[in-house]
Every structure is written in structure tokens, then in C-alpha cells.
Amino acid sequence: MEKMYFIAPCHFGLEAVLKREITDLGYEVSSVEDGRVTFVGDEAALCRANIFLRTAERILLKIGSFHAETFEELFQGTRNLPWEAYIPEDGKFWVAKAASVKSKLFSPSDIQSIMKKAIVERLKSVYHIQWFAESGASFPLRVFLMKDEVVVGLDTTGESLHKRGYRKLTAKAPIAENLAAALIMLTPWRRERILVDPFCGSGTFPIEAAMMAAHMAPGMNRSFLAEDWGHLISRKSWYRAVDEADSMVDLDVETDIQGYDIDDKMVAIARENARLAGVEEMIHFQRRDVGQLSHPKKYGFLITNPPYGERLEDKEALPALYRALGERYAALDSWSMYVISAYEQAEEHIGRKADKNRKIYNGMMKAYFYQFMGPKPPYRENRR
């Protein structure tokens, strides 16, 4: 099984960022669809993708695809896939998630049930047993139906890749780590440039930026389901990927990354999360109201996720809060600002229209990534 196809789901609207990440890792992208990127690799790619990709939600090993408009076609198509090449006799397997778009089969629970039965029937005939103990490693399946085309993948990751392992404590409405990383990657920010988050909450933006600056792989300190798949993925492949990640870390890099929050408790949480991530020395966290935002240097970046006003009582404070953000941004010299917000009057109260905005789904909530572009620094400063 040298050549494998992998499916990497991601946030809608951020497929191009993930595609670039996969290409930079050295793998060929075979297709890009809404919310997912498919690429080609070997067993080393499975390990490296899980450990190094910042913007993916998980890595699925593609088992196959087929056309199905009826449950009988779904059953037969599933049964015809070579499950014995992936799931051992004692494997624990189930259809963890089924998603259907513009397809005749649309009931997730029915799709899951029928596919499970089909896999059991296939493995019964191969292993010559009538009952499966399912006492071994886990093999959760994820299924996508798009216009009656069924794509089946094994989840190699387990807990979503946004769970880096450092965020033990969170704010009320934290931004997912992989979304924060993707949004930073949509900006021209580089580690020699200033980055400030005036609504840092649990510290996700500053921590993800610091990890990027230190070349710290997001998955290097967590485990993955496929580590237990010894018949498919050798331990050596995992060791090599972790050793590669370890060798790249540079904690001596000089950075100017700052996170502010008006809540002392959140500042303490952000500091603890940065400590758990191993980047506490690279970030300055401070209790500070957005109205006190200032910085003496030029050409910095504000990258932030301000309150949206999900609760009615919070909405009253939003105009003043966004006005303060806009005023303090205008007072900074030659800075750029990037704001993700579901607040529809964000631009109005910031006091200027964004140079660009991009629709992003933060969980199930539709938001916009407002991009206010500052001037580029002189060539020499840009090359510092």
C-alpha cells in the first residue's frame, strides 16, 4: 500500500490555505472541493500530515468511492470495497459521520447503519467468522455523499487536529486553533513583524503565531488514532515524523507578539495555555482595554476575534467597542488589521470599509474576515 489517497477536511472558504500547506509539505494535491482537499502520499505522508498541517481538521485515508442513488446501491458499493486490507479481525469499526449534499440518500443514521452492515458482511466472508469482538484498535469511518457520489475515508486522526493539546482552559467563545492558524496564514504576517491581538481571550491567535514563528509543528505533542494501526503504519514512520518536527523547533527566534484582554482571568488563562504550548517566553500578555491599545513601532499587525454580541445584553456594548478598535487602529502608524467577526455592523463602527472581506464559517456561525491593509515596510526592514 505504497501509494495512498488522503482527504483533509477544513473550514469552508479556507481550502486554498490548506492546499498550499499540503503542497509545501511536498505532496501532490489531486482535488480541491468545498471543505476538503485530497492529496496523494505514502505512510510517511499520513504521519507528517497529522503532525505538521496547521489548518486541516483531520486526515482521512481514502478507502474508495462509488455512485449510489438507493440504499441497495450503497450497501453493494460499500461491500465491494477491500475492507480487509485496512480493518483487522479484532478491529473496532463504525461509521462515525455521514454527510450528504444534493444526493438522493440523505438520512445520516440510515447511511451509517447500512454501511456498517455492508462492512460486516464483507469481513464475515473474508475472516470466516459470524461475530466480531471489536476489541482491538479503532477504525472510525467518515462518509461524504455529493450528488450521489459516495466517498469513504478512515479517520487516522481521532480528536480533531485543532486540539493541539495546549488549550486546557478557554474563553466563552474561543476560536478553533486551526481556524486561527489559517487566518494568520491569510495575512502577510511573518515572524519578524509585530503582531497584537487586543481581544486575545484564551490566547489562541498569539499562541498559534508563536508556534509558527518557532517552526513548532502543531501536532508534535499529541497522539493519533493511526498510531495503533501497526499493520498499516510502522512505528518508524511516526518516530521519523516526530524527530523531523523536533529538529525544526527554534525557540530562540526574536518575536514581538502581544495579547491583551480586559479580563484578568483571561490573561492568566492565556499565559497558562502559552506555557503548555511551550511558547510562553515568546508572547507578552497583559490586561488592557482596547481603548488603551497603542504601539510605538510601525508596520505591525492587529489580528483579532472581537466579541460578536451573541447574547442580547452584550450587543449594546458592541458599537462602542468596535469604534474604540477603529480609533486605536487609526492611531497606529502604517499598521494592518485583520478582524474575524459575525457582527454585521463591524465596518460601520470601525469607521472604514475593509479593503477586502472573506466569508468564513466559525463553527456553524457565518462570519467575515475583514482585511484592512497597511503599507508594506521598506525593503530592508522587510528583510530584517
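Since the model is predicted, local features need pLDDT of at least 70 and side-chain atom pairs count only at pLDDT 80 or more, while totals for chains, interfaces and linings use all residues. Numbering starts from 1 along each chain as its sequence is written, and side-chain values use heavy atoms, with hydrogens and water left out.

**Sheet.** I looked up the strand order and got an open, mixed sheet of seven strands: β10-β9-β8-β11-β12-β14-β13. Strands (E, at least two residues) and helices (H or I, at least four) are DSSP runs numbered from the N terminus, and two strands pair if DSSP finds at least two bridges between them. β10 (283-287) and β13 are the edges; each has a single partner strand, so one side of each lacks a neighbour in the sheet.

**Pairings.** I checked β13 (residues 356-362) against β14 and found seven bridges, antiparallel, with I360 opposite A367. The two make a hairpin with two residues between them, and G363 in the turn has a positive phi of about 70°. β9 (residues 257-261) runs parallel to β10, with five bridges; I257 has I283 as its bridge partner.

**Helix.** I then found α5 (residues 177-185) packing on the sheet, touching β11 (301-304), β12, β13 and β14. Touching here means heavy atoms within 4.5 Å.

**Core.** The largest nonpolar core has 126 residues, with W189, V279 and I340 making the most contacts inside it. Such a core is a set of buried (under 20% relative accessible area, 1.4 Å probe, protein chains only) Ala, Val, Leu, Ile, Met, Phe, Trp, Tyr and Cys residues joined through side-chain atoms within 4.5 Å.

Technical notes. Buried means under 20% relative accessible area, exposed over 50%, partly exposed in between (1.4 Å probe, protein chains only). Axes are lines fitted to C-alpha atoms, for helices over the stretch in contact, and angles run from 0 to 180 degrees between N-to-C directions.
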